[in-house]
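Here is a short note for a colleague who has not looked at this chain before. Please read it with the model open.

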Amino acid sequence: IQWRIGKLSISDEFINEKLGEIEQSVRGVLIFSDKLKDELVKQGEEEPVMISAQELFKEVTVLPSLPSNISVNLDIDDGVGPVQVIHNQVVDILHNLITNAIDAMPSGGKIDLQARNSGHFVALEVTDTGIGIPVNQQSKIFDLSFSTKSSSGFGLWSARRNALRNGGELRLESRPGCTSFTLLL
């Protein structure tokens, strides 16, 4: 369309801006669609394995793009046993939570990764010192297409689905300066 407008010698910044927004929205839908397709194809492909919290955290903290002004601390309580999980799904959950934590701290901060026993569950916590999630958005944070950062909103929706597929749960606690996601497995 922009080519045709240019061919007609129409130069309207408002139209160009709106066409750009439409193009960006369509690209977002296509990316979201591809991710959703990949997610649906992956279902049932992998068998559950027993893995320790330490191994999971070690795998997800290999971050080549970790900004130098963000530190990652690891704390695993004594006696935390292994969990039976679909490996790639849980790694995807943790990667998503860590990426979101990094995004929430544009000026730097700290990410704490903690594993502890919680009743019959193992709790894997990802806590950051970022901006927090406003109270009025917390109830929607796991909804499909909801985003606080102009993304597809697929990440946390997918993370919660994967937690449920692994017999677990994903919880949120947030206030300014501290957001904590707890994955119960």
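The points below go from the whole chain to single residues.

1. Basis. This is a predicted model, in which local features need pLDDT of at least 70 and side-chain atom pairs count only at pLDDT 80 or more, while totals for chains, interfaces and linings use all residues. Residues are numbered from 1 along each chain as its sequence is written, and side-chain values use heavy atoms, with hydrogens and water left out.

2. Fold elements. The chain has six helices and seven strands (DSSP runs numbered from the N terminus: H or I of at least four residues for helices, E of at least two for strands). Along the sequence their order is α-α-β-α-β-β-α-β-β-α-α-β-β.

3. Of the 185 residues in the chain, 36% are buried (under 20% relative accessible area; exposed is over 50% and partly exposed in between, with a 1.4 Å probe and protein chains only). Among contacts (heavy atoms within 4.5 Å) with a separation of 6 or more, 69% join residues 24 or more positions apart.

4. Surface. The chain exposes about 11200 Å², and 53% of this comes from carbon and sulfur atoms (Shrake-Rupley method, 1.4 Å probe; for residues, only the protein chains shown count as cover). Ile22, Val26 and Leu30 make a nonpolar patch of about 280 Å² (residues with over 30% relative accessible area and no salt bridge; nonpolar side chains, Val, Leu, Ile, Met, Phe, Trp or Tyr, are joined within 5 Å, and like charges within 9 Å). Val26 lies in helix α2, residues 13–42, and is partly exposed because its relative accessibility is 45%.

5. Salt bridges. The whole structure holds three (a side-chain nitrogen of Lys or Arg within 4 Å of a carboxyl oxygen of Asp or Glu). Glu125 and Arg116 meet at 2.4 Å, N to O; Glu125 is buried at 12%, whereas Arg116 is partly exposed at 23%. Glu169 pairs with Arg171, their closest N and O atoms being 2.9 Å apart; Glu169 is partly exposed at 33%, as is Arg171 at 45%. In the bridge between Lys110 and Asp112 the closest N and O atoms are 3.8 Å apart. Lys110 is partly exposed at 34%, and Asp112 is partly exposed at 27%.

6. Helix α6. This helix covers residues 154–165; its 12 residues reach 16 Å from first C-alpha to last, close to the expected 16 Å (1.5 Å times one less than the number of residues). Its buried residues are Phe154, Leu156, Trp157, Ser158, Ala159, Asn162 and Ala163. Just after α6, Gly167 has a positive phi of about 70 degrees.
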